[in-house]
Amino acid sequence: MGKAWKFGHDIDTDVIIPARYLNRFEPEHLAAHCMEDADASFAANVQPGDMMIGGKNFGCGSSREHAPLAIKAAGVKAIIAESYARIFYRNALNIGMPILECPEAVRGIEAGDEVEVDLQSSTIQNISKGTSFQATPFPPFMQELIKAGGLVPYVKEKRKNA
Amino acid sequence: MGMTISEKILAAHAGVDKVVPGEIINAKLDVVLSNDVTAPVAIKEFEKLGIEKVFDKEKIALVPDHFTPNKDIASAEQCKIVRDFARKHEVKHYWDTGRVGIEHCLLPEQGVVLPGDLIIGADSHTCTYGALGAFATGVGSTDCAAGMATGEAWFRVPETLKFVFHGTKFQPYVGGKDLILYIIGKIGVDGARYKAMEFTGNGIKALSMDNRLTMCNMAIEAGGKAGIIEPDEITLAYVKARAKRDYKVYHSDPDAVYEKVYEFDTEDIPLQIAFPHLPENTKSVEEAKGLKIDQVVIGSCTNGRLEDLEITAKILKGKKIHPNIRCLIFPGTQDILLEAMSRGWIQTMIEAGAAVSTPTCGPCLGGHMGILAKGERALSTTNRNFVGRMGHPESEVYLCNPAVAAASAICGQIVHPREVVDNG
């Protein structure tokens, strides 16, 4: 269970991790500047297990994998958004950062609400309001990828069995 | 039922006769690209795979262009990781400072990317190569690592949106940048999310390669997976001078299925300005007229090509940059810079009071070489105007084509180029 941090539509990768910090790629460095230009208090106050809530087209812009890496390293348990930009979605899956697509949940969660997610069943519970939501399930191939723990373990496994 | 050019390229690389949108395929890659920001992360992931060799040293491109010439010790360390990897694996397409250019200007110019190719690049503007009739898409570092190791990647076959431009007459100074900004203004920054954007019609056929590359470069700003233009004689003339290997030309079938078709008349499209903080916030240059600016940036992977410098020099010729403006010009590659020098354009720019740089992505993403202070406003030919994109989170970036940027640099405020050229 964690606290919801709510952001708007079109949260871009420059806001998630500004390019001025991309001269390094250590996860803790990225986490320290995560969301800095949208909410300067985020990095200092986010707690392990907290959830990030976004509107439509979350993660638009750059291909920088540093964006989901920064969110993951900041301790965020899952991202819940109305929709995702393509490269961000793929990057998050590839590095094992849980992301859920559920417009109803986004509308039904306010900043600061206590939220729990079950990644197996893609269900989201708003503990503060006593409501629950079902996110869009991942297509079978992506479930396989998630089950393997991301693309690198998936490719490793496939090569071992080849 | 026929296939689109995108579907044909994906099918051919997956080794199947037909693919349909929504299908997930595994496909062979012709080029895997990465830069000095994304490659260090990719190399780290590649090493986790425990594979000794890259799949094909001829099909990997490593382009250190973002923080180069190295802006600080940290970026020098990142570049060293890339350089060491390139040397260890004998990566064919690796260039260093003094030879390197901005990746999406450099790869088409050097004939590394060709029609019919399937390309992934750990840079979102990899979609630029669609201008050559290739299917090229941006990915992250982990996809790039797997690509460098296996020569394959998984793809969800995208639906295609068709953008037809009727007519061959354009309003004065209108180019590829205005067409793509116009589209993004109409459909929004997620209007083509997960889709291939096919640009077609007589209006597109009338465009030079430089203008087509600009258009496909910004497909990602509408959320597109790829931007693509069927090769024609203009494409083939460009490619023939550069290709050092075989390539294949694909065309969409007349009965190909499109998710949606948008039609425009080229004459209806005015010069565009994208207001902060999204490329979809477009207005005509008339609506932006008189807006005071502090910095003008001309260049980048979007508009740093020869024709962009040509129009810039033409407008700046014999004039002076406004005293309140810093005008920064970034040619896309060393070859472009050399050609611009031999044609006298660089001298014209410097005489006008512009700062001309070696090729780098620096200012476009707020990396170095032109960072904005709090409250400052830039007019830029780059591709994004997100919050903090070029520096301070309270600075602003407006996007436009090089003619508008150059004319505005002279006036100190946003103007239509005719105010400088025709009345100057």
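1. B:Ser75 lies in helix α3 of chain B, helices (H or I, at least four residues) and strands (E, at least two) being DSSP runs numbered from the N terminus. With a relative accessibility of 1%, B:Ser75 counts as buried; buried means under 20% relative accessible area, exposed over 50% and partly exposed in between, with a 1.4 Å probe and protein chains only.

2. On conventions, residues are numbered from 1 along each chain as its sequence is written, chains are lettered from A and ligands numbered from 1 in the order in which they are written, and side-chain values use heavy atoms, with hydrogens and water left out. As the model is predicted, local features need pLDDT of at least 70 and side-chain atom pairs count only at pLDDT 80 or more, while totals for chains, interfaces and linings use all residues.

3. Two peptide bonds of chain B deserve a look. A cis bond with omega of about -15° joins B:Thr68 and B:Pro69, and B:Pro69 sits in the loop between β3 (60-63) and α3 (73-88) of chain B. Another cis bond, with omega of about 0°, joins B:Pro276 and B:His277, the latter being found in the loop between β12 (272-274) and β13 (282-284) of chain B.

4. A:Asn57 has a phi near 60°, is placed in the loop between β2 (51-54) and α4 (66-73) of chain A, and is buried, at a relative accessible area of 1%. B:Ser300 has a phi near 85°, belongs to helix α11 (residues 300-303) of chain B, and is also buried, at 6%.

5. The largest pocket holds about 410 Å³ of space. On a 1 Å grid over the protein atoms alone, a cavity is a set of points where a 1.4 Å probe fits but cannot get out, whereas a pocket is an open set with protein on both sides within 12 Å along at least five of seven lines, and lining residues have an atom within 4 Å of a point. Grid points are joined across faces, edges and corners, and a volume is the space filled by probe spheres set on the points.

6. α5(A) and α7(A) pack at an angle of about 40° with their axes 8 Å apart, which makes α5(A) oblique to α7(A). The contact is made by A:Tyr89, A:Leu93 and A:Asn94 of α5(A) with A:Met142, A:Leu145 and A:Ile146 of α7(A). Axes are lines fitted to C-alpha atoms, for helices over the stretch in contact, and angles run from 0 to 180 degrees between N-to-C directions; those under 35 degrees count as roughly parallel, over 145 as roughly antiparallel, 65 to 115 as roughly perpendicular and the rest as oblique.

Conventions:
Contact means heavy atoms within 4.5 Å.
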